[in-house]
Amino acid sequence: MNHAATRRSHLPQRVLLPLVALALLGAPALAQDALGNENPGHEAPKRGGTLVIGIGQNPGHLNPAISTGSEVHAVADSLFNGLVGLDDQANPYPDLARAWEVSDDARRYTFHLHAGVRWHDGEPFTSADVAFTFQQVLLRYHARTRTGLAGRLERIETPDDLTVTFVFREPYAPFLQQLNVTEAPILPRHVYASVADVQNAPENLAPVGTGPYRFVEYVVDDRVVLARNDDYFKPGLPYLDRLVFRVIPDANTRLLALERGEVDFIGGLPAGELDRVDALPEVTVFTPNSGSGGGFCVMTMSFNLERERFADPRVRQAFAHAIDRQQVLDQVLFGRGRVASGPIHSQLAFAYSDDVRAYPFDPALAESLLDEAGHPRGADGTRFAATFLHFPAFAKYGEVLRQNLAQVGVQLELVALDRAAFISRVFEQRDFDTNVISYCNNSDPAIGVARVYVSSNIGNIPFSNAAAYVNPEVDRLFAEAASQADVAERGRLYAEVQRLLVDELPVLWLVETQFSAAGRAEVRGLAPWSGSPAEAAWIAR
Amino acid sequence: MLAFVARRLAQAVPLLLAVAVLTFLLIELAPGDPIVALAGEDGDAAYYAMMRERFGLDRPLGERFAAYMGRVLRGDLGFSYRLQQPAVTAVLGRLPATLLLIGPALLLSTAIGLALGVLAARRPHSLGDTAVSTVSLLGHAVPVFWLAQLLLLVFAVRLEAFPVQGMRDVRLDAQGWAGALDVARHMVLPVTALTVQFLAPIARVARASLIDVLGQDYVRTAVAKGLHGRVVLGKHALRNALLPVVTVIGAQVGFMFSGAVLTETVFAWPGLGRLLLSAMLARDQAIVSSMFLLLTVAVVLSTLLVDLLYAALDPRIRYG
Amino acid sequence: MAERWLAARGWAPRRPPALSPSLLVGGALTLAFVLLALLGGTLAPGDPFAAAGAPFAPPSAAHPFGTDDLGRDLLRAVLHGARVSLIVGATVAVVSLTLGLLIGGVAGYRGGAVDDLLMRFTELVLVLPRFFLALVVVALFGASLANLIAVLALTSWGIIARVARAGVLTVKEREYVLAARALGGAGPRILLRHVLPNVLTPVVAYAALQVGNAILVEASLSFLGFGDPNLVSWGYLLNNAQAFVRRAWWLSVFPGAAIVLAVLSINLLADGIRGRRAGSRG
């Protein structure tokens, strides 16, 4: 029934239900509840209270199926569900689907839905909602789902109200990692079927979902107020009466608000403050691998391979040896993270391989490589200048790199561009020497990694193959790995592609980053890696 | 009088049109387009082509410009897809919050500025006078966000006397009088920062014009007639000294809004400031144009108001 | 008699001294600022971007202003920042002075339709919200100092143009009277000779105010995240300090104090210059 295609098998129904019941009834309370959330005090959850979450941006609208923007998902994900949920290691567990089967060739996925689930307006949830959401919304407007599935999905079958089957043209292994509430939230068919334009509907500002909280109020740039869904299909959940999102754009102010108790949970702290906040008894710090906008991210420095200077591998290797990645980790991330060895995040255990070439910090070697490549030092000590494009938020990386490269005679010129201008200059005009982008693996390399290195993804496509790297062997390996059913085989293919990429070094992988989140100590049951962190949260008083 | 007002308003129309054109061109010519904010990242080429076509972003500039001007002339300032509401609604919705900071700051700074001006005018060009000038200038020289952060650290964090952010306590959700009190508590620090900022020009001008006025002939006449000192000051001098003060306030409207933007950022105050910043990052042209137009209208109206106040304060001034 | 009566009640208007305290203090401080900016590189040599010591070192003998998160010496950075501020301020002042004098002068001299057109244009520039415009330009077109200087210089000449024009108009009346009596035509050179000293004082004062304003705008834009990352400016330092405001107070205090002192001294100077005219109208 369970298949190797899922990396870790989900607990079958007959084991899961009693566990949940046990956790909720409070009799021998577990250190972790059924969702894997922390419960250090081993206490029974208390009902009631208001949780205030501080967010950094105004959500805009509240329809998570038509956008991949983290600001939308930070709020809207609490109103909806996906077919499955993903834990901090990206392993699936049941959400709207209570059980599922995957065919041996990973071409047919059949999901058995919970019975008795109702939308916030009382209408029953059925498989028709799932089919509608995928066909009319996700495959059209959700950037990641559309890009990942559109060509591969052959059809969706709904033999009855509680069964959905996805049939793929060829084997597709990572499907389960794309079905949580952030990647594939399910919308109500009875609300959206009659809407002329899903992207421009008033329904997006007063959403109806199946989620643990239902919509109450939205004041633009100020707050979003949600209330408990008393008919939530997971028994006993949620515990809180109200969930309020407060928009606080300035990161310092947000942290101060948490320390003062004006908010209870924030996602994202300034790296320099993590140690100090961690030491505070009234605050708990989390460092999950993912957040509402993606996960398993690697800060990557791309070279523009269309420029002669950087087409020379010796120059790229020189950069790799000149940059002290440990310093980047220490001074930019204050030690929170890990030096990256390649394109795949080390927490994606099945795919990660450290059997790759190493580029140790060695300025002398860098200098000799640059000399060899025909870029000697000039009279003033400089070899050449190179532009470095970045978001303003990533300026610190540029500053450390500038220091490092100055030592070997390369003058790095920092160019700070906001998102829209950055995309235009890097992907549309290709006017850059180097840049830095946080490429997120997103729970499976087929989803977030392949797009960066395959040759079909060069062009005016945001956050794709910025380096314009072309290697048919890499293309082949990625394609095969996505359509392999066997996990071990996928792992072998990804190890191979990592070896190849790290050898060729079209880009330089700097550090693996962590997400950070912090909550008041009396709040338990938070799931900070999820888009819906407060599903099982409760306040201990 | 009415004819005067009508004429001034009519003169403002080409100004507003020019501002509308300017903001449109600015956003259009700037690198980067709104597609990522609207459509999200991680898409592929076909996806973005589809989205561009949907939002009309693939039509030529001239066509988009004509459509835009047509809408503006009809009074329609655009629709913000990001916020899913008309731009004007979004902007006017956030205006009261910003006015809640600017209004009290203006009143306070006028009152204190006049008081300081009177103090300085007593002994012009003395060391005391320069001290007052320096203090009020200090307020103008301090970057308002630096001051705001300082206030935040000292009063909200160290002393815990005031809340750190926002306009009201979301948990309390107080209504009525309790709600008003809650907002007032949240207002104290940002209004203080802004008051310090606005103080300088007002105090300086109040002092200068008071000195001026006190040397005038009609003051001497009043004194010669035997009028009491305070009457001289209150009835004649102050009234006429107010004229330049009113002018300076009118001229500071743009400056006040920029101060409000920075203060709102530090205190997470849900006003126009954050709206503008996020709109720019998302290339939300409708919101950016609407805000610029709103500001221009504010400047035009305040100049008009100043001129009308002039007429009210000085019976010698009459408009035809 | 009136003076004695007023004086008895504590009102003592004195004659404005030739050199008011504002002028003296402002002038001295501004001179100090300029000197520090120009000589900064010699006083604290080295690349402000290079690491000079351990990160987060509090003020000490070795590092009088302390170090930042990347170990860079703050005193060095502040002195370099002074130079950047000077460049920004001076460029903006000079350009707006030139543009203002030119446009205002031409408008006043030519009169008629030319005057009307130029003044309408001036009105537009005066009504534009300068800070927001700078914000939009820098945010959209890239956070470089060049962009900032351009946008500030192109929007700061308005009030100077107004003053210049008023000066020209005053003189023009007089000139016509004189010329009508003598030569029969007022030449621009004569106007210039009479106009310039007339308008110089207020115009220079306004230009000085633009310098302070430019420094503040640069700091504010950096605070919002739109500063030029390739130059050490005071705004850049303040922006950098934000993330460490609880851990390293010196990172906010010294650059902030530098800004306050510089802007204060320039504004004092401007005040002093304006105060030299009779009436000392604000």
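Two residues are in contact if their C-beta atoms, placed from the backbone, lie within 7 Å. This is a predicted model, in which local features need pLDDT of at least 70, side-chain atom pairs count only at pLDDT 80 or more, and totals for chains, interfaces and linings use all residues. Residues are numbered from 1 along each chain as its sequence is written, and chains are lettered from A and ligands numbered from 1 in the order in which they are written.

**View 1. Overall build of chain B.** Chain B has 13 helices and two strands (DSSP runs, H or I of at least four residues for helices and E of at least two for strands, numbered from the N terminus). Among its contacts between residues at least 6 apart in sequence, 73% join residues at least 24 apart. Of the 320 residues of chain B, 49% count as buried (20 or more other C-beta atoms within 10 Å of the residue's own; exposed is 12 or fewer, partly exposed in between; C-beta atoms are placed from the backbone).

**View 2. Helix α4(B).** At 1.5 Å a residue, the 13 residues of α4(B) (residues 61–73) should span 18 Å, and the end C-alpha atoms are 18 Å apart, which agrees. The expected span is 1.5 Å times one less than the number of residues. One of the 13 residues is buried, so α4(B) lies largely in the open. Gly75(B), with a positive phi near 90 degrees, follows α4(B).

**View 3. Confidence in chain B.** The average pLDDT (the predictor's confidence in each residue, from 0 to 100) of chain B is 80, and 87% of the residues score at least 70. Where pLDDT is low, the predicted coordinates should not be read in detail.
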